[in-house]
Amino acid sequence: MSLAASELKSRIKRALIEELDLRGKSEQDIDDAAPLFGEGLGLDSLDALQLAMAIEERFGVTVPEGDAGRGVFASVEAIAEFLTRAGAEGARSSEGG
Amino acid sequence: MSVSGRRIAVTGVGIVSALGQTAPATFSALMRGERGLSPLSLFDPGDVRSRLVGEVKGLRVTDVAGTGHELSRTDAMAVAAAREAVKQARLAPGARLGVALGGTTGGMFETEAELSRPDLASLSPARAEQLMSYPLSASLAPVAAALGGVVVTRSICSACSSGAIALVQGAAWLERGEVDHAIVGGADGLCRLTVLGFNALGATDAEPCRPFDRARGGLNLGEGAAVLVLEREASAQARGAEVLAWLDGYAVGAEAHHITHPDASAVPAAALLRAALARAGRSPAELGYVNAHGTGTQQNDAMEARALLDVLGASAGSVWVSSSKAQLGHTLGASGAVEAAITVLALSQGAVPPSVGLSEPELAGLRHVRAPQQRQRLDAALSSSFGFGGMSCVLALAASHTRAPERAHRARPIAIRAAISMDAATEPEKRLDPERSRRFDRASSFAALGAELLRRDASTGLVLGTAFGAVERTMAFLARASQRGPRHVPPAEFPHLVPSAPAGNASVYAGLTGPVFAVSDLAQSGEAAVAAGADLLELGVASRIVVGACAPRDSIVERVLGPLLDPGDAERAERGEGAGFLLLEALAADADRSPALALLLGHFQGPLEVSSALSVLPAPEPVAERCLVLLGASSPELLLSLEASSWSRVARRSFASAGGYHEALGAVVLAHGAELAAEGRGVERVLVLSGSKRAFSAFLLGPSPREPES
C-alpha cells in the first residue's frame, strides 16, 4: 500500500471518529474492510447523513444522494476508492481548511 | 366508580393554519381538498432541497395587554387559537382555567438571528425585549393574559407529539378538580432551525407531500396552532354548553428505540393505539376514523400503516384513515393539537377530511380517504402522534351522541420511591456506555444517568424540566448554516436541539417506554416536571415516572436569557451545574408496602398566588413540631405568603442560595425533602416551597406507609 493510500485511509478514520463522536475509538480499532453500518461499527442512517456531509467538507467532493451514494460508505476502503476516483483534494488538512 | 358526569367534553376549538385562521376556515378548506402549501416567504433559507411549506400568511400579530412585549408568531397563533376556542365554548366569568401548550421552537424565528450573533453583550433594550419570546414557555403568559382566570399553566415538549400530550395534561387537571376548564393545545412557528434541520436530515419533499403513498418523498414543514376547551360533562351540562366531542381515552409512551427513527416493527406504536382504545373502553369495531400522524416520510408511514393494520384487524376495511399533513404541512409541536381539533370537527360534523396526494398506498388493507367524505356516521376516532425520539401520544375521541364508556378510575396515592442529586463532580459522561451515549451533551448525560439509576422497569416514564433547551448548541448550528450554507450543517446534530432531546436520549439509553417528555417553566422547570409527572400518575396513564431536571452550563443562558427572563428568581440565575431526579410511583390501592422515601400528599405548580396554593395544603393542626418547610427560593412574595399561612410557625430551612442549580434546584430540594420525610426520621410533614412573583410551587410530603409487622 502506498503512503498516500494509507494516509488517506487514516484521514477517513479520523473523520469517522471525530464526526460520529466515536468516543474511546482509535484509528487502530477500525478495520479498513469492515462494514461501517449495521454490524461492524454499528452506525445508522443518521450517521450516514453526517458522514456524507463530513466527507464533502473535508475532501471537497460531492457525494451522490440516495441509493447511488449508499455504496460509497460501505467501508473505509470503499470511501478511499470513491475519493480517489473523485479526485479528492489530497492536500487539504483534516480540519477542512 | 361511576364515570357519570366525569367524562371529559370538548366544548370549544380554535385553529390557525396555512389553510385559514379559524377552525371553520381550516376545516372547510380541508374538506374541499385544498393544499395550504406554497414557497417559503418568511425568510430565505438558502440552498435547500424544498421550499414548499404550509405557511400562515397575513398573520395578525397583536400585542396582549400585560405581557409587556410584542408577541412572536408562535405566541400570536396560540393567542388567536385560544381566543377562538374560548369564544366558542362561551366560558362563564370567574371559572378557574388551566393552560397547557405544546411546542418545539417557541419564539425561535424572532430570536435566532439575535442569539446567533457573536457579540451578545451589547443588547439594546428593544432587542432584549424581543428575546423574552425565546423560551418554549413564553406562549403561556400572553394566552393567560388574553383569557384571564388562569390558575395553572404548563408548557410541554415531546417533539411532534407535544400538542397531543397537552390534552392529556388538561385531562389530568380536570381529573384532579384543579380547574373548571382546561385550555389545551399547541403552537409552532416556522423558523430557520427547523427548515435547515429537516433539510439536513433529507426528510423534506420538494413536491407536495404524499402521506402513505408508495412513491412518497418526505414531508413538507408547516406552522400553526390549535387550542381546545376541555371540561367535565357535569360542567358542560350545568351551563348548557354544546359538546362537540368527548375525550374518552389517551395513551402516552415512548419507543426507547432511536432519536429519529421509529421502531419499524410497529410494536410500540400498536401497543399505544391499543392502550388509548382500552382507556376509552372501545373496540376497533366502534372506530369510524383515524387521523394518522402520516408525515409523508418513508419510515413513519411504513411503520404507522403496519401498526394500524395490526390494531384495526378485521375492522380495517371500515375505518377511515387520513393524514392532514398533505394539506397543512407538518406543524411539528402543534400538529398533535391541530389534528385532535380536526378529529373533533370530523366527529361533530360527520365529515372525514382526505389524504390529498395519495394515489397508490404502500400497504393494502387500510381504508384511506382518497376524497373528502361527507355525511358519515362516526362514533369514535383516534388521533395519533409519533414524535422524534419515539415520544408518542394517541388520543381517543368520541362523537357527542355516544354514551359514556364503562371504565373505572381510582386515584392512587403517589410515593417517592427514590431520589438522587448530581452536580458537576458527578461527571455523568464517564458513567455511561460511550457507544450508546454518542453525541450526548451534559443535559442528555445527566438525564440518561438519572433515568438509568432510578428506573424500575421498562414501563417507567420520564418527565424532564428544561428552561431553555440547548441554546449554545442551537446557535452554533445556525451560525454554521449561515457561514457555510445549508448543505454544511451537521444532520446528526439537529435532533439534539429540540428541547425534549435530553428526555428522548435518556429514554432510548435507559430503555424507558412510559410517558417521556419535557416541560418548561424557566427557573420553575424542575418543579413543573415533578407536578406534571404526579398529574399523569394520578390520571393513571403510567405507574412510575422519573421526574426532575438538569441544568448544564450554557453561556447564552447564563449571560443573557437567564438574567433577562427570570429576574424574580435571581438567586437561581447564578448557575452551577446540577441535576435532581425522583422516582414517583402510583401505589396500588391495596396499600403497597414496598419501601419508599415518602408519600407525595399534595402538589401545586403554576402562576397562582402562593397563598391560594397554601390554603389547599394546610399545615396539620395543631402544628406539629415534627413539620418542616424547605424553601427553594427566597423571594419576598414567597416569604410574605408563608408568614400569612398556617405554616408560619413551622421550622424552615432555606436552600435558596445553596445549589445555584437554576431549573434543577427544585428537584434537588425535593430529593432532600423526601430523604427527610423517609420513615424513621420522625418528620411527619415536609412542605417544599419555591417561586417568585411569576410562578410558585408547593409540594407536601409525608412518611410512606410502614412495612407490616411480621
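Tutor: Strand S3 (residues 52–54) of chain B is joined to S7(B) by two bridges, and these two strands run parallel. This is a predicted model, in which local features need pLDDT of at least 70 and side-chain atom pairs count only at pLDDT 80 or more, while totals for chains, interfaces and linings use all residues. Residues are numbered from 1 along each chain as its sequence is written, with chains lettered from A and ligands numbered from 1 in the order in which they are written.

Student: What makes S3 and S7(B) a pair?
Tutor: Strands are DSSP runs of E with at least two residues, helices are runs of H or I with at least four, and both are numbered from the N terminus. Two strands pair if DSSP finds at least two bridges between them; S3 and S7(B) have two bridges, so they meet that cut-off. In S7(B), B:Gly222 is the bridge partner of B:Gly54.

Student: Why are S2 and S7 of chain B said to stand at the edges?
Tutor: The open sheet has three strands in the order S2-S3-S7 (chain B), with mixed pairing. Strand S2 (38–39) and strand S7 (221–222) each have a single partner strand, so one side of each is left without a neighbour in the sheet.

Student: Why is B:Lys430 called exposed?
Tutor: A residue is exposed if 12 or fewer other C-beta atoms, placed from the backbone, lie within 10 Å of its own, buried if there are 20 or more, and partly exposed in between. B:Lys430 has 9 such neighbours, and therefore counts as exposed. B:Lys430 is found in the loop between strand S15 (414–423) and helix H13 (442–454) of chain B. Across chain B, buried residues make up 63% of the 710 residues.

Student: How do you know that the radius of gyration of chain B agrees with a compact globule?
Tutor: The radius is taken over C-alpha atoms, and the globule rule is 2.2 Å times the number of residues to the power 0.38. For 710 residues a compact globule would have a radius near 27 Å, and chain B has 24 Å, which agrees.

Student: What is the average confidence for chain B?
Tutor: On the pLDDT scale, the predictor's confidence in each residue from 0 to 100, chain B averages 91, and 94% of the residues score at least 70.
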